[in-house]
Amino acid sequence: MRHAGVGVGVGLWGPSPRSERSSGGKAAAVKGAALHAVRGKSPPPPPSPPRQILAKSTEMIRQSSLTRLGCIINTAVNGGKRSGNGDTQWYFSQVKGTLDDDVTEADIISCVEFNHDGDLLATGDKGGRVVIFQRDPVSKNVIPRRGEYNVYSTFQSHEPEFDYLKSLEIEEKINKIRWLKRKNQAHFLLSTNDKTIKLWKVSERDKKVEGYNTKEETGQARDPSCITQLRVPVIKPMELMVEASPRRIFANAHTYHINSISVNSDQETYLSADDLRINLWHLEITDQSFNIVDIKPTNMEELTEVITAAEFHPVECNLFVYSSSKGTIRLCDMRAAALCDRHSKLFEEPEDPTNRSFFSEIISSISDVKLSNSGRYMISRDYLSVKVWDLHMETKPIESYPVHEYLRSKLCSLYENDCIFDKFECCWNGNDSAIMTGSYNNFFRMFDRTTKKDATLEASRDVAKPKTLLKPRKVCTGGKRKKDDISVDCLDFNKKILHTAWHPLENIIAVAATNNLFLFQDKF
């Protein structure tokens, strides 16, 4: 394995698409814009004697009764709604953040992540802050369960920095948050901005020690000559305090902007990916990482694609995937070679010639890839759709869901206002039967893989009332429209759902809409 390069640097793509258009014409813009995505049968049993038949019948009746009882209990607990059902009714639960029109840039949410049991929910923002919400124990234990969360801890994860060597400012914006599985009373999470990854410990303290011999209660040291007798320190209860402290800082290993971090299933290592390289870290070692993928060409003018997302397999610690701006996903096996430049599998869908256009390269860029909880499937999000891939089949996705196909006719204006470069994330529900991703106008989309039903819902102040049922929204492209339909020409492209998260065990979802975090659940 190669050691990762050390040093900080600029984002790979300096100029915006506008400057490229003005300086290099449309042909150069397409290439630059596409790369901008950085940014046997057994014999029958012998017949049973009559007594055995009777016993079997009794057992079947007993099991049938138990099954019916189980269904009754499940209906009572779950409100008769099947998990992941396309007909699931979603209700407003909570909203975090002020519902004002005046939004401060630093307050815009940049990532959302549930921990492994769903009791904690972390958000990061453009101001470098991490806010952790904790599930209300009362709401968790009532029947039906409610998904209510309260602020648990807030801390400043990253500060703005300045690279004096390159005269560039390094933003404090939190790009990703990833939880580690809990091993003791404390919680641990990784957070990263463009350059630096930090491991945070979040712990509780509700006791304090009093009666020290060598120092006062204020912490000031006592004069040893004044100590005439020894005291036995005592532990006293105190008001609960939640402390967040940085345990490790992993820096100076990425030349370009970090877009992904992913904790390995061994819970000892993790990967970090930037535009051209993926590094492998050990959680206990901060001054050394190994470069496992490097797609940087010797001549940068020969660069044709960049890495957009990377993630470890949830079960196999030797496997990981990464996506690119050319719409491909590569599966790599670290057992095959120390340097995984040669992939084990390449997932790519042949382009439909009928849909070929000036914007094809841009909209085919994958902005997010997520492996299923079972590890058998993965989803990828490009600009207009979400695709489900079977890891056993590379040639084409097994399912494809259009997210906002009605925008295909608007690609030109979306290119002009740079919205075509927005990076939408996607997520699975707990049992891999449903998918969620965002769209514009504060709409978010949900797809049921079993029934093939889908829904468009809205996270807005209009639904921010307790137990409000979310009504499905529909976007029409012309002609007559119904009362609640919205025209594609009336969509607000400044309001967008880029980040979503699904509770790992229940139908509770978190949706980030600019500076607000909406929480919805499927029952009350």
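Both F424 and Y440 are buried, a term that stands for under 20% relative accessible area, with exposed meaning over 50% and partly exposed in between, for a 1.4 Å probe and protein chains only. The model is predicted, so that local features need pLDDT of at least 70 and side-chain atom pairs count only at pLDDT 80 or more, while totals for chains, interfaces and linings use all residues. Residues are numbered from 1 along each chain as its sequence is written, and side-chain values use heavy atoms, with hydrogens and water left out.

A pair of aromatic rings is described by the distance of the centres and the angle of the planes. Rings of Phe, Tyr and Trp (its six-membered ring) are taken to pair if their centres lie within 6.5 Å, and planes under 30 degrees apart count as stacked, over 60 as edge-to-face and the rest as tilted. By this rule the count comes to 21 aromatic pairs. In one of them, the ring centres of Y270 and W281 are 6.1 Å apart and the planes are at 5 degrees, so the pair is stacked. Y270 belongs to strand β14 (residues 269-273) and W281 to strand β15 (residues 277-282), so the pair ties together parts that are 11 residues apart in sequence; helices (H or I, at least four residues) and strands (E, at least two) are DSSP runs, numbered from the N terminus. Y270 counts as buried at 0% relative accessibility, and W281 is buried with a relative accessible area of 2%.

For F424 and Y440, the ring centres are 5.3 Å apart and the planes are at 90 degrees, so this pair is edge-to-face. F424 lies in the loop between α5 (411-416) and β25 (426-428), whereas Y440 lies in the loop between β26 (434-438) and β27 (443-448), so the pair ties together parts that are 16 residues apart in sequence. Elsewhere, F92, F444, F518 and F520 are linked by ring pairs into a cluster.

Charges over rings were also examined, the criterion being that NZ of Lys or CZ of Arg is within 6 Å of the ring centre and within 35 degrees of the ring normal. K215 lies over the face of Y212, at 4.5 Å from the ring centre, and R449 lies over the face of Y377, at 4.8 Å from the ring centre.

Turning to the backbone, D432, although not a glycine, has a positive phi of about 65 degrees. D432 is placed in the loop between β25 and β26 and, at 8% relative accessibility, counts as buried. N442, likewise a residue other than glycine, has a positive phi near 60 degrees; N442 is found in the loop between β26 and β27 and counts as buried at 9% relative accessibility.
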